[in-house]
Amino acid sequence: MESYYDSIRSLDDDHYDCFCTVVRELMEADEKISLFECVASRSLAAYLDAPPNPSEPQPEWRPDIADVSKQLGVALSVLASWESELDLAPRAFATGVDFLEWSNTEPPTLTPPESCHLAAFEAALDALEECDSATRSAVFSACEACVLYNDDFNDEQALLLIMLADALGCRRPDWIKSS
């Protein structure tokens with residue numbers, strides 16, 4: 001994917017704006033945005049709209065896992081219910097939650113299916129992206145465990161995890177490189 005990103009980055013401003021418009025129009029063509037399209041958009045933005053000087057000072061305070069427990073619960077709930085039968089969602093969710101240490105914090109709870117929508121997922125990702133890199137990495141690992149909880153995954157789920165890693169600024173898992 002990096003070679004695609006590099007090619008897109010090499011576009012002049014007018015062509016880049018045209019590319020972004022076409023991507024947005026393609027995503028909105030069916031008048032609904034899927035979880036996959038949402039994460040793809042965030043992945044593109046993470047790579048293509050990154051600040052030119054990444055060494056700029058970072059905020060002094062960053063949220064830790066306890067501060068974003070609710071948002072992590074929403075993200076894991078959406079991922080657990082995506083592309084799976086609803087009766088499997090609680091087990092997938094629990095796999096993601098159990099991946100993290102919750103010694104001093106109440107673990108997140110499963111969000112009801114009717115509240116598992118893209119706006120909630122995007123708001124959760126906004127909060128999770130504010131965490132430091134170690135916390136984002138742990139969050140991504142929990143999301144990965146949730147999606148792969150039964151070791152039965154498809155190409156779309158693998159791509160979703162690649163793009164989620166990109167969006168959170170995390171290293172892609174080694175198994176993705178060998179798949």
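1. The protein chain holds nine helices and zero strands, where helices (H or I, at least four residues) and strands (E, at least two) are DSSP runs numbered from the N terminus. Read along the sequence, the pattern is α-α-α-α-α-α-α-α-α. The model is predicted, so that local features need pLDDT of at least 70 and side-chain atom pairs count only at pLDDT 80 or more, while totals for chains, interfaces and linings use all residues. Residues are numbered from 1 along each chain as its sequence is written, and side-chain values use heavy atoms, with hydrogens and water left out.

2. Of the 179 residues in the protein chain, 40% are buried, a term that means under 20% relative accessible area, against over 50% for exposed and partly exposed in between (1.4 Å probe, protein chains only). Among contacts (heavy atoms within 4.5 Å) with a separation of 6 or more, 76% come from residues 24 or more positions apart.

3. The largest nonpolar core has 41 residues, of which Leu35, Leu76, Leu79, Phe121, Leu128, Leu164 and Leu168 touch the most other members; such a core is a set of buried Ala, Val, Leu, Ile, Met, Phe, Trp, Tyr and Cys residues joined through side-chain atoms within 4.5 Å. Two or more residues are given to this core by each of α3 (35–48), α4 (69–81), α5 (89–98), α6 (118–128), α7 (133–147) and α8 (155–168), and α4 gives the most, with seven residues. Leucine 164, leaving aside neighbours within four places in sequence, is in contact with Val39, Leu79, Leu125, Phe140 and Cys143.

4. Helices α4 and α5 pack at an angle of about 135°, with their axes 8 Å apart; axes are lines fitted to C-alpha atoms, for helices over the stretch in contact, and angles run from 0 to 180 degrees between N-to-C directions. That makes α4 oblique to α5, given that angles under 35 degrees count as roughly parallel, over 145 as roughly antiparallel, 65 to 115 as roughly perpendicular and the rest as oblique. Gly73, Leu76, Ser77, Ala80 and Ser81 of α4 make the contact with Ala89, Ala92, Phe93, Gly96 and Val97 of α5.

5. The count of disulfides (pairs of cysteine sulfur atoms within 2.5 Å) comes to zero. Cysteine 170 is in no disulfide, and the nearest cysteine sulfur, that of cysteine 143, is 9.0 Å away. Cysteine 170 is buried, with a relative accessible area of 12%.

6. Threonine 135, found in helix α7, is also buried, with a relative accessible area of 11%. Not counting residues up to four places away in sequence, threonine 135 touches Pro63, Asp64 and Ile65.
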